[in-house]
Amino acid sequence: MKDARDHDLGMNRPITRRDFLNGVAIGLGSAALGSYLTGCTRQGVSDSSFARHAEGYSPPAESGLRGDALGSFEAAHGLRDGTFWQTVGSPTSTDATYDLIVVGAGISGLAAAHFFRKQAGDKARILILDNHDDFGGHAQRKEFQAGKRRLLSYGAQSIESPSLYTAESKGLLADLGIDLQKFYHYYDQKLYPSMKLGSGMFFDRETFGEDRLVTGFGAIPHKDFFAKAPLSERARKDMVRLYTEKVDYLRGHTLEQKKAILAKISYADFLTKIAKCTPEVVPVFQTRSHDLFGVGIDAVSCAALFEEGDDYGYGYPGLDVTMGASGDRGMHKPEPYIFHFPDGNASIARLLVRSLIPDAIPGTTMEDVVLAKADYSRLDKPQSPARLRLSSTVVRVQHNGDPASAREVTVTYARNGQIYQVRGRRCVLACYNSMIPYLCREMPAKQKEALAYGVRAPLIYSHVAIRNWTSFHKLGVFQIAAPGSYHVYAAIDFPVSMGEYKFPSNPEEPMVVFMVRTPCQPGLTQREQHRLGHQELYDVTFETLERNLRDQLARMLGPGGFDPANDIEGITVGRWAHGYAYSPNPLFDPDFADDELPYVVGRKPFGRIGIANSDAGGIAYMDTAINEAYRAVQEMARYQS
Ligand SMILES: Cc1cc2nc3c(=O)[nH]c(=O)nc-3n(C[C@H](O)[C@H](O)[C@H](O)COP(=O)(O)OP(=O)(O)OC[C@H]3O[C@@H](n4cnc5c(N)ncnc54)[C@H](O)[C@@H]3O)c2cc1C
């Protein structure tokens, strides 16, 4: 559907995005497109997926729809829908037997390979398979060429609270040469404050009656901030009251009673039923939880928004004092959110790959990895003990004989429309839990049921290269919450310079804007919302995404002089239908005993098959992905040959 404003928005402008026709990349062979898109045939995904691994090819430089890009998911969906096996031929066996086969080249799969090699020695033969055309899983690197500048961007963003990491996770970062203290120097924490750039909130006309950007959140008194918001007097008063009054809304209850009450109440209900705010405040907060939880405040338990002993919480007013964090209990400052490489946690994936396959990524330091050019043609060389094979969707993992006594596992994967088989002495599944029942059909029913329980949160991380960031500068903001808009948050990049990579600190320079969207359906359970969100993400066209983000940037930043037709230089959308790992939600899920938690039951080793991935820890953070890899590799250690 063309929009009358398309011309003004610059929908027709030549920028760095792949050209898309209704979300489908032009240039792929039409036979190939007809195949996996409508099920699965021998035609496979597209011949271009092989060309992509030729010398010189660089997936991070691809723009348009990335993340779960076209070609990465069709075989898996064919498997789910029961159409896959009817349409493929006999498998071809490849390679000699590996000591370890890892399914999934996200942080967990790469970490599993790292831990295994440490244990088994440098000569251990390891094969890592992943369905995407790039490694890193969510930690996917993005590159832009904006004018003369090369700009980097990210999927998974930062090393979050590393002081809380386990010895194994800290040890892995140290093995890779990452010195966390250096980020205090690389991340310029003073830059935005020195330019008087702060936080703003964009109120959109569809939700709040008019388009208005209000700036100065936290810098000016809440009374003054909300006086400028297009809200009723009652809503303004309630917003100010929530932020400023020091009230225990559950007075008379013990801490344990409060915890029990808050576990079963959403923040939306807390606002209206416990803090007695007008329902008009709910839309202001509705999407605040999207980025962290993948759902709105209707579906987030208050218990998840406050950590005992952490007087800062996550910025949800009303909960802190209620839970006893009055500020005089000895507040401990949370670690700053600064542990960020310019390409996010992709640098950690790249450091892992460099350590496993040194030929593929040159360099030796945490600084030089930032701009090092990976040679994708060297990831899968027969002479290398560790190999990484991309665009390869694993469709079956089966012991050669009885799982209790078998000495090998056969792994079958689809690549470029062909089926291949490899054998391994052990296998670690660092892919999605929900995929495993389709791969390991012999697993006990209870374990398969447990693996299928969690539903990963769908997320879109859009990155937009802009010609300059003078509009942000003029408006005095570096980040904007947009509770009613298509993307609920937008921000200019983290001010990090490392090695040869210099952050564009002058507003006249090109910059990358980061935007988040989480498809939600308030009123449903979290798992139901995620399932519908998966569908939305697979159905959405790039054209829709592009139009929406251009329109939103124009409306938010127009008063600062932003012109989407002229100022946008490139767009890359990270579509993660299977995003964050699922943590049971006390609002909707049973109160599982610790040993009955679905991810605990699901992660039990099955013969020579171990289960890693953040799903196996039920928490969507990098340290979980690493810890689960460590555990899965330890479990496999009992098989000496
Ligand atoms: C947008 C986004 C931002 C995030 N930001 C942060 C952050 O800032 N900090 C943080 O700590 N965490 C963050 N996370 C959480 C992130 O999930 C973890 O940090 C970590 O990267 C997860 O790694 P993983 O290996 O467990 O899973 P994944 O990254 O999901 O990797 C699993 C890989 O296995 C592949 N796979 C699945 N099935 C198959 C199959 N059948 N055959 C072959 N391959 C298969 C998948 O496609 C994927 O590439 C973020 C997540 C998302 C989605």
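Visitor: Which atom of S614 lies 2.8 Å from an oxygen atom of the ligand?

Guide: A backbone N or O atom of S614 lies at that distance from the ligand oxygen. This is a predicted model. The protein covers 98% of the 990 Å² of accessible area that the ligand has on its own.

Visitor: Which elements give two or more residues to the shell around the ligand?

Guide: They are helix 5 (107–120), strand 12, strand 16 (457–466), strand 20 (568–580) and helix 25 (622–636). Strand 20 gives the most, with three residues.

Visitor: Which residues come nearest to the ligand?

Guide: Of the 36 residues around the ligand, the nearest are D130, N131, H138, S614 and M622. M622 is also in contact with I348.

Visitor: What makes I348 stand out in the largest nonpolar core?

Guide: That core has 74 residues, and I348 is one of those with the most contacts inside it, along with F135 and F341. Beyond its neighbours within four places in sequence, I348 is in contact with I107, I159, L173, L176, I178, F341 and M622.

Visitor: Why is S392 called buried?

Guide: S392 has a relative accessible area of 1%. The cut-off for buried is under 20%, so S392 is buried. S392 is found in the loop between strand 11 (386–389) and strand 12.

Visitor: What does the side chain of S392 reach at 2.8 Å?

Guide: The side chain of S392 reaches the backbone oxygen of L390. A second polar contact, of 3.2 Å, joins the side chains of S392 and R415. Neighbours within four places in sequence aside, the contacts of S392 are L129, D130, N131, Y413, A414 and R415. Two residues in that list, D130 and N131, are also among those that come nearest to the ligand.

Visitor: Why is Q634 called partly exposed?

Guide: The relative accessible area of Q634 is 34%. Q634 is found in helix 25. Q634 and K190 are 444 residues apart in sequence, and their C-alpha atoms are 43 Å apart in space.

Visitor: In the open sheet of four strands, what is the order?

Guide: The order is 4-14-13-12, and the pairing is mixed. Strand 4 (92–93) and strand 12 (393–399) are the edge strands, as each pairs on one side only.

Visitor: How do you know that strand 4 and strand 14 pair?

Guide: Strand 4 and strand 14 (residues 418–424) share two bridges and run in the parallel sense. Pairing needs at least two bridges, so the count is enough. In strand 14, Y420 is the bridge partner of T92.

Visitor: What makes strand 9 mostly covered?

Guide: Five of the six residues of strand 9 (residues 198–203) are buried. Strand 9 is joined to strand 17 (residues 477–481) by four bridges, running parallel, and G198 has V477 as its bridge partner there. Strand 9 is also joined to strand 10 (residues 212–217), by five bridges in the antiparallel sense; S199 stands opposite F217.

Visitor: How many bridges does strand 17 form with strand 18?

Guide: Strand 17 and strand 18 (residues 489–492) pair over three bridges, antiparallel, and Q479 has A491 as its bridge partner. Strand 18 is joined in turn to strand 19 (residues 511–517) by four bridges, also antiparallel. There the bridge partner of A490 is M515.

Visitor: Which residues of helix 13 are buried?

Guide: In helix 13 (residues 267–274) they are Y267, A268, F270, L271 and I274. These buried residues pack against helix 11 (233–244), helix 12 (255–263), helix 14 (282–285) and helix 16 (319–322). Helix 13 is followed by K276, whose phi is positive, near 60°.

Terms used. Residues are numbered from 1 along each chain as its sequence is written. This is a predicted model: local features need pLDDT of at least 70, side-chain atom pairs count only at pLDDT 80 or more; totals for chains, interfaces and linings use all residues. Side-chain values use heavy atoms; hydrogens and water are left out. A nonpolar core is a set of buried Ala, Val, Leu, Ile, Met, Phe, Trp, Tyr and Cys residues joined through side-chain atoms within 4.5 Å. Buried means under 20% relative accessible area, exposed over 50%, partly exposed in between (1.4 Å probe, protein chains only). Contact means heavy atoms within 4.5 Å. A polar contact is a pair of N or O atoms within 3.5 Å; within protein, one must be able to donate a hydrogen and the other to accept it, and residues adjacent in sequence count only if both atoms are side-chain atoms. A residue is near a molecule or strand if one of its heavy atoms lies within 4 Å of it. Accessible areas come from the Shrake-Rupley method with a 1.4 Å probe; for residues, only the protein chains shown count as cover.
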